[in-house]
Amino acid sequence: MDKKQEKQKDAGKVLIEELNQDEKESATHKRSFWNVITIPLLAILSGLIIGAFLIAATSTSVYTAFGQSFGKGITTAFSEIGSAYAALFTGSIGDPVRIFNALFSGDKEQIYKAINPFLESLVQATPYIFAGLAVALGFRAGLFNIGVEGQLFIGAACATFVGYAVKGLPVYIHMPLAFIAGGLGGALWGFIPGFLKATTGGHEVINTIMMNYIAFRLTEWLLSGPMTRPGSGGMPISPIIEESAQIPQFFPSPIRFHLGFFFALGFAWLIWWLLFKTKWGLNMRTVGTNPRAAKYAGLSVPKTTMIGMAISGALAGLAGAIQILAVNRSMALGLSSGYGFDSIALALIGNNHPVGVVLASILFGTLRNGATRMMVVSRIPIDIVDVLQAIILMLVAAPAIIRTIYRLKEPKEEETTVFVSGWGGGQ
Amino acid sequence: MTPILQLKGITKRFPGVLANDHIDLDLHKGEILALLGENGAGKTTLMNILYGLYQPDEGEILIGGEKVIINSPTDAINAGIGMVHQHFMLIPVFTVTENVMLGEETVKYGDFLDRKKAAKRIMDISKKYNLQVAPNDYIRDLPVGVQQRVEIIKLLYRDAEILIFDEPTAVLTPQEADELFSIMRSLSDQGNSIIFITHKLREVLDIADRIMVIRRGAVVGGTTPDQADKNSLAAMMVGREVNLEVEKTEKEAGDLVFSVKGLVVADKFQNIVVNNVSLNVHAGEIVGIAGVQGNGQTELVEAITGLRKSAEGEITLLSQDITKASPRQITELGSAHVPEDRQADGLVLPFPVAENLVLCTYYKEPFSKGVILQYKTILDHAEKLIEDFDIRTPSAMTPVSSLSGGNQQKVIIARELSRPIDFLVASQPTRGLDVGSIEYIHKRIVQKRDEGCAVLLVSPELDEIMELSDRIVVMYRGQIIADLPNKDVTKEQVGLMMAGVLPEEALAEGDQHAVEPAL
């Protein structure tokens with residue numbers, strides 16, 4: 001048995017324990033808690049540093065300045081990087097000066113506008129949370145659900161359909177109904193590969209990828225055929241959903257911050273509770289960690305596989321539903337900017353733990369959101385943010401790189417192994 | 001004569017642990033030195049120092065009287081030291097020749113591998129030491145015993161003269177172990193020196209020229225096989241008197257608890273591996289299934305515990321038909337199972353001790369109420385079992401993976417025996433454990449039997465079967481060829497039957513042996 005591998009796989013557990021410990025015991029776990037979060041933090045820092053070089057290297061004004069003199073080149077590079085990251089910050093969190101002034105003036109509208117970047121980051125984070133939870137739950141149950149993107153599209157389609165086709169219901173029925181429809185659509189799309197794995201052994205990685213293609217083409221057909229918006233002239237876009245199906249936004253336009261973000265937090269809590277506080281969760285984690293022991297303990301591995309894939313799919317479907325019901329209000333093909341695939345990375349950064357997923361999602365949402373402003377203000381291509389994300393992910397996924405750069409000690413096996421001489425050894 | 005290898009005052013510290021405490025060791029040419037000690041006593045650390053994987057904090061290593069510094073396995077090999085690891089370092093998809101050549105390639109025309117020449121050298125070595133291998137076989141197709149021979153050839157190919165065997169018999173069947181011993185003998189006869197690491201007393205007495213015992217990182221004594229016996233060695237190892245004989249009172253067997261009739265089980269290739277097996281176990285009785293590993297015991301146990309479907313036959317537990325029952329249904333009827341492979345089947349290694357202690361019962365009251373796990377109850381339950389079964393763990397929340405093998409097994413024993421049960425299936429319950437642990441687990445099993453539990457014990461260790469069983473069943477090639485009360489057979493007779501000798505002949509043969517000394 002490869003102990004090292006196991007320890008890595010369950011790094012999330014350390015965090016869980018940390019969160020569950022009462023104060024007396026938590027002191028002994030402090031070190032492992034820091035072990036868990038140092039790597040992601042350093043990865044982000046390193047990503048930003050590498051990103052800075054990229055920003056300088058891709059800026060034409062820096063080259064022109066270097067053409068004039070070396071010193072000028074350096075200062076221009078720094079000012080470029082500075083303005084880009086300032087834009088990233090103000091675009092994602094908000095401009096501190098503006099917030100301060102707005103608060104001081106006491107004008108409600110000014111305040112809303114000033115804190116909008118931060119709120120918009122949370123809007124961006126919402127589908128990430130759902131999709132990240134979908135992947136994390138799958139991993140915990142020993143399933144690699146690459147089909148989140150497809151499940152998200154099916155969920156969105158189902159939510160859209162219920163959203164515009166059902167009419168005359170009050171908000172408190174219609175909105176949950178459409179939301180649940182999204183979850184059920186995703187659940188079905190996840191259940192199919194789960195069922196195939198449980199009954200035939202067909203691997204879920206292959207089957208979920210294939211289900212993605214089916215989902216993309218199916219929604220494309222739906223949107224240009226049965227679900228198309230009347231008068232759109234064959235454009236693949238759905239009708240706008242009924243007002244009663246919309247998840248409310250808290251502030252007047254253009255602020256899009258909506259109730260769905262709190263749904264996402266609620267679901268993160270629910271999944272945490274499910275995984276770590278219920279027997280179903282223990283059941284799933286046992287099957288995910290050691291299927292042979294699970295069978296020995298009397299669990300049904302096929303049943304757990306099907307349920308795990310269905311729940312994972314449902315969460316993915318909810319990611320799609322929330323985007324439709326709270327933000328887009330109608331479905332088009334550009335619904336997702338790759339939430340489904342980014343979510344695999346999110347789950348990884350978050351150690352497959354709901355709290356980790358929420359934090360990682362907010363980070364991703366923030367980067368995405370800030371990138372837009374960075375592009376507008378500093379004319380830095382949005383692709384730089386993609387590169388930045390990719391670098392951060394690589395560094396998180398390969399902790400050895402970070403350990404090497406920052407000369408962190410590898411957690412030594414000898415240090416953690418319990419030395420107990422044979423019992424009966426006396427003394 | 002100068003010893004070929006000398007260790008002087010070797011000391012190695014790990015954080016919080018003194019793994020080796022001023023160890024002195026001499027090894028002479030052509031000698032087999034057994035290094036005996038419990039798991040965690042420091043044997044492997046010492047050998048890893050000798051093999052260059054660790055550096056000693058103090059002390060020196062002398063080879064042929066000259067001081068050497070060994071910084072890596074390459075240095076060790078150059079100094080003529082070779083090590084056969086417990087887990088083989090072979091590449092399954094390479095042939096024997098390719099594996100042997102790896103890192104020490106025989107080449108022609110510059111960089112082309114000369115497989116023929118290498119194969120010839122392997123054949124020479126193989127003949128010289130009676131190590132039968134076919135150079136062109138792929139490792140993945142070879143039985144474990146032969147793979148081990150390839151490991152030995154690898155060392156001889158590199159001209160190693162000091163061979164270290166780290167728990168070499170842990171993975172072998174008794175026959176393979178015997179073959180290994182004759183190979184070791186022939187190696188030492190031809191001038192090689194061997195350090196043999198083990199915690200099995202019988203092996204030490206069989207093969208060693210000299211014995212060195214290590215406890216808690218320090219040498220506690222040296223002896224020779226003719227001056228020692230099992231009890232004295234065990235006492236040296238453990239540091240107190242160990243009772244190797246299990247105390248067991250005669251006891252009338254009670255009602256029939258478990259029975260199998262005409263059971264047929266096929267493996268995944270549809271070969272019949274359990275053939276028409278019938279067997280009864282009564283309350284308060286230990287039935288031991290003796291047999292060389294791979295004679296269908298694993299599949300029989302899997303069928304009995306619901307992990308494998310049987311093709312034909314009937315299994316009854318407490319007068320209920322459980323032939324088609326699921327593992328959980330069988331467990332709930334009052335059956336417990338100590339699985340053969342504790343890490344693969346019996347435990348979820350990354351999970352804490354507490355969760356592993358409720359692996360089979362977590363879904364029931366009081367560990368769950370509704371769907372919610374009652375962690376407080378689970379932890380209290382764990383604390384109690386840790387205390388009752390003397391499980392050495394820093395806390396109930398420690399992952400089971402960081403416990404020693406013996407303590408891992410105790411977690412399983414505690415989980416299975418603490419439930420109210422009428423039937424226990426114990427499959428190799430002491431595999432790979434040290435003397436102290438074995439003593440403890442045997443006591444617990446006998447205690448269960450005395451309480452009236454029916455016990456089915458499966459073990460390839462003949463000693464274990466002989467000591468614990470009230471009745472002995474011998475399994476050979478999927479069939480039960482003998483079913484006899486323990487008092488009616490000798491160890492030699494069971495051994496013969498395990499090798500496929502029919503009971504009538506074995507019993508007659510055994511009697512002759514028994515009679516001979518009297519004449």
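How many Å separate the centres of domain 1 of chain B and domain 2 of chain B, taken over C-alpha atoms? The two centres lie 35 Å apart.

The structure is a predicted model, in which local features need pLDDT of at least 70, side-chain atom pairs count only at pLDDT 80 or more, and totals for chains, interfaces and linings use all residues. Residues are numbered from 1 along each chain as its sequence is written, while chains are lettered from A and ligands numbered from 1 in the order in which they are written.

**Domains of chain B**

Chain B is divided into domain 1 (5-238) and domain 2 (256-334 + 420-518), the bounds coming from an automatic or database domain assignment. Domain 1 of chain B gives 10 residues to the contact and domain 2 of chain B gives 7 residues, where two residues are in contact if their C-beta atoms, placed from the backbone, lie within 7 Å. On the side of domain 1 of chain B that touches domain 2 of chain B, α6 (174-189) and α8 (230-238) of chain B each supply at least two residues, and the largest share, 3 residues, comes from α8(B). Helices (H or I, at least four residues) and strands (E, at least two) are DSSP runs, numbered from the N terminus. By class, that side of domain 1 of chain B has 5 nonpolar, 4 polar and 1 charged residues; Ala, Val, Leu, Ile, Met, Phe, Trp, Tyr, Cys and Pro count as nonpolar, Asp, Glu, Lys and Arg as charged, and the others, Gly among them, as polar.

**A sheet and a hairpin in chain B**

Chain B holds an open sheet of 6 strands in the order β18-β21-β22-β15-β23-β24, with mixed pairing; two strands pair if DSSP finds at least two bridges between them. Its edge strands, β18 (335-338) and β24 (479-485) of chain B, each pair on one side only. Direction ignored, neighbouring strands of this sheet are turned by 15° against each other on average. Helix α9 (residues 297-304) of chain B packs on the sheet and touches β15 (286-290), β21 (423-427), β22 (454-459) and β23 of chain B, its direction making about 150° with that of β21(B). Helix α15 (residues 435-450) of chain B lies across β15, β21 and β22 of chain B and runs at about 150° to β22(B). Strand β23 (residues 471-476) of chain B pairs with β24(B) in the antiparallel sense over 6 bridges, and Met475(B) stands opposite Ile480(B) in β24(B).

Elsewhere, strand β11 (residues 210-215) of chain B and strand β12 (residues 218-223) of chain B pair in the antiparallel sense over 5 bridges, with Val219(B) in β12(B) as the bridge partner of Ile214(B). The hairpin of β11(B) and β12(B) has 2 residues between the strands, and Arg216(B) in this hairpin takes a positive phi near 45°.

| Helix pair | Angle | Axis distance |
|---|---|---|
| α6 (residues 96-105) and α7 (residues 108-140) of chain A | about 160° | 8 Å apart |
| α11 (residues 260-277) and α12 (residues 279-289) of chain A | about 75° | 5 Å apart |
| α7 and α16 (residues 354-378) of chain A | roughly 135° | within 7 Å |

Angles under 35 degrees count as roughly parallel, over 145 as roughly antiparallel, 65 to 115 as roughly perpendicular and the rest as oblique. Accordingly, α11(A) is roughly perpendicular to α12(A); the residues of their contact divide into 5 nonpolar, 1 polar and 2 charged. By contrast, α6(A) and α7(A) are roughly antiparallel to each other, and α6(A) passes α7(A) in a left-handed crossing. A crossing is left-handed if the near helix is turned anticlockwise from the far one by less than a right angle, and right-handed if clockwise. Helices α7(A) and α16(A) are oblique to each other, and their crossing is right-handed. By class, the contact of α7(A) with α16(A) has 13 nonpolar, 7 polar and 2 charged residues.

**Backbone features in loops**

A cis peptide bond joins Ser253(A) and Pro254(A), with omega about 10°, and Pro254(A) is placed in the loop between α10 (204-224) and α11 of chain A. The peptide bond from Glu365(B) to Pro366(B) is also cis, with omega near 0°. Arg329(A), although not a glycine, has a positive phi of about 70°, and this residue lies in the loop between α14 (301-328) and α15 (339-349) of chain A.

Note on methods: Axes fitted to C-alpha atoms, helices over the stretch in contact; angles between N-to-C directions.
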